Amino acid sequence: MWNWGLPPRLKAFIDAFVIVGRTFRYAEGGPVGLLRDKKAQHIQSSGGVYSAGPTAVMDHSHSYLNMVLGIIGIHDVQALYVEGHEHRPERAQAIVRTAMERAVKLAPEW
C-alpha cells in the first residue's frame, strides 16, 4: 500500500491492460469484461492495519482492484494482508511469518 492506494507501477500496469476491445467492451448496460474464468490474489503489505477496524476506510487499494478487475471480468478477487509490522514492530517477524504460512496454504488453489 502506498499512501492508502496502489503503488504507481501497479497503477501503470493496470492502465496498460484495461483496454476497450481487449479486456472489456462497452455494452448498453455498461462495461462487459472479456476475461472469463480468471481469479486474482491481491497481496498487500502495510505498516499499519487497514483491512479492518476504524482505519479500513483509508484502504483504497482493495476496493479499486475489485472494481477495475470486475470491469475486465475478474470477479473472484481474494486478499492476503501483511499488515501492522510498523505499528507493532515487536511482532513484525510473526506477522510476516503468519502471512507467508497463509500464502503457502493458498498456493494450491492457483
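Predicted model: local features only at pLDDT ≥ 70, side-chain atom pairs only at ≥ 80, totals over all residues.
**Entry 1: the contact of α1 with α2.** From α1 I noted K11, I14, D15 and F17. On the α2 side, their partners are Y64, L65, V68 and L69. I then sorted the residues of this contact by type: six are nonpolar, two are charged, and none is polar.

**Entry 2: how the two helices lie.** I checked the ranges: α1 covers residues 8-17 and α2 covers residues 61-71. Angles under 35 degrees count as roughly parallel, so I wrote down α1 and α2 as roughly parallel to each other. I also looked up the hand of the crossing, and α1 passes α2 in a left-handed one.

**Entry 3: the order of elements.** How many helices and strands are there in the protein? I found three helices and four strands. Following the sequence, I read the pattern as α-β-β-β-α-β-α.

**Entry 4: contacts along the chain.** I took the contacts between residues at least 6 apart in sequence. Of these, 65% join residues at least 24 apart.

**Entry 5: extent and surface.** I looked up the span of the C-alpha trace along its principal axes, which is about 55 × 30 × 25 Å. The protein has 110 residues, and I noted that 29% of them are buried.

Note on methods
Residues numbered from 1 in each chain as written. Heavy atoms only, no water. Axes fitted to C-alpha atoms, helices over the stretch in contact; angles between N-to-C directions. Parallel < 35°, antiparallel > 145°, perpendicular 65-115°, else oblique. Left-handed = near helix turned anticlockwise from the far one by under 90°. Contact = heavy atoms within 4.5 Å. Nonpolar A, V, L, I, M, F, W, Y, C, P; charged D, E, K, R; others polar. Buried < 20%, exposed > 50% of the residue type's maximum accessible area, 1.4 Å probe, protein only.
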